[in-house]
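Please have a look at it before I start.

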Amino acid sequence: MPLRDYGVLAARAVARVREGAAGTPHYQIHLTDDAGTAYRAAINVLSKEAPSELLFVVVEDFRHPLTDSLPAAGSGWTALASQPGGAALDYIRANLFDPATARPLPPDVPGEDNDLADLLDHYVQRAIGDPAAAVYVFGQRFGPEPDKPDKVFGFLPGNGVHDVHMNQGNSEEFRGDDGVWQDGGLLIRLPDGRWVAVFLAFQSQAWHTDDTTGHALDTAPPLPGSGEEPLRIVAALVNPPGPAPEAETVTLLNASPEPIVLDGWRLVDRDKTALPLPATTVAPGAVLVVSGNPAFQLGNRGGAITLLDPAGLKVHGVTYTADRARREGWTIVF
């Protein structure tokens with residue numbers, strides 16, 4: 001079954017502990033909210049399954065419409081519905097980052113700037129040193145445990161969040177944790193307003209999963225973002241001139257050397273409303289401008305566009321923020 005209590009913790013970081021590389025180590029963060037409630041974020045830095053090194057992605061200037069749906073800084077724990085259109089994370093469906101940029105790192109080894117704990121330290125220590133930095137931790141809540149002090153930081157009651165990583169496409173041992181729109185992650189809003197995002201996944205997890213269960217699929221098309229996608233989204237006109245309903249469009253490019261027959265292909269918006277592609281063939285190197293319809297929403301307040309093949313598997317995906325959409329008549333180039 002999916003995670004029991006998925007959500008996001010909005011708090012401020014006050015301390016951290018690195019647990020090294022022995023046993024089942026975590027990177028532990030002590031956080032407090034505006035009401036004075038203490039929490040611990042337990043972030044995995046090593047996998048129980050081979051390969052043991054976790055995959056990481058850091059987006060140092062994270063721009064995504066989900067940040068507009070987050071609770072107020074310092075507001076504590078907020079439960080999230082595992083569905084599109086809000087603040088819930090889904091590494092595959094929300095187009096949060098390019099999966100092909102994920103790289104493995106060891107948990108904690110001698111030297112500087114060469115392991116996952118060092119990478120987390122680079123951002124968490126900055127948040128600890130500046131109370132104006134807001135930290136958001138996505139995952140599954142544990143506690144509160146009224147009679148049990150926290151095992152790392154000693155505060156009472158024990159309370160916090162774990163599973164701060166991808167939570168779908170698991171191997172058989174952890175298949176029961178699979179679900180969609182319930183992935184973990186770490187977001188930090190710096191005092192200058194810039195967002196930093198850290199996303200983590202186990203190498204044993206799959207990047208193509210069932211839209212209902214989150215279980216790994218046997219089919220293995222090219223990894224989204226690998227540069228090997230035959231058809232990809234290159235531009236969108238999300239704020240056409242004139243009154244609504246507007247003539248929104250999405251531009252696709254056939255980057256392959258072969259023609260692509262579009263029967264069964266479709267685009268989906270941030271709310272997962274589908275737009276079937278026209279029954280035509282796109283020649284090698286050619287572009288196709290696809291017109292939207294009133295149900296397919298490319299909102300001016302930010303959105304997401306995902307391209308699915310006839311099997312319903314994600315081939316490519318993009319996002320845009322309200323800032324990029326505000327200029328009427330301008331086409332957004334991805």
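Predicted model: local features only at pLDDT ≥ 70, side-chain atom pairs only at ≥ 80, totals over all residues.

Arg270 is buried, with under 20% relative accessible area for a 1.4 Å probe and protein chains only, and yet Arg270 has no salt bridge, meaning a side-chain nitrogen of Lys or Arg within 4 Å of a carboxyl oxygen of Asp or Glu. The nearest side chain of opposite charge belongs to Asp271, 5.7 Å away, where Lys and Arg count as positive, Asp and Glu as negative, and His and the chain ends are not counted.

Residues are numbered from 1 along each chain as its sequence is written, and side-chain values use heavy atoms, with hydrogens and water left out.

Where does Arg270 sit? Arg270 is found in the loop between strand E14 (266-268) and strand E15 (274-276), strands being DSSP runs of at least two residues, numbered from the N terminus. Leaving aside residues up to four places away in sequence, Arg270 touches, among others, Pro65, Leu66, Gly85, Gly86 and Ala304, a contact being heavy atoms within 4.5 Å.

By cavity I mean a set of points, on a 1 Å grid over the protein atoms alone, where a 1.4 Å probe fits but cannot get out, whereas a pocket is an open set with protein on both sides within 12 Å along at least five of seven lines, and lining residues have an atom within 4 Å of a point. Points are joined across faces, edges and corners, and a volume is the space filled by probe spheres set on them.

The largest pocket holds about 690 Å³ of space and is lined by 32 residues, with His26, Asn44, Lys48, His162 and Asp163 lying nearest its centre.

Turning to the strands, an open sheet of 4 strands has the order E17-E12-E11-E20, with antiparallel pairing, and two strands pair if DSSP finds at least two bridges between them. Strand E17 (287-291) and strand E20 (332-333) stand at the edges with a single partner strand each, so one side of each is left without a neighbour in the sheet. Between E11 (residues 231-237) and E12 (residues 249-254) there are 6 bridges, and Ala236 has Val250 in E12 as its bridge partner.

Definitions and conventions:
Buried < 20%, exposed > 50% of the residue type's maximum accessible area, 1.4 Å probe, protein only.
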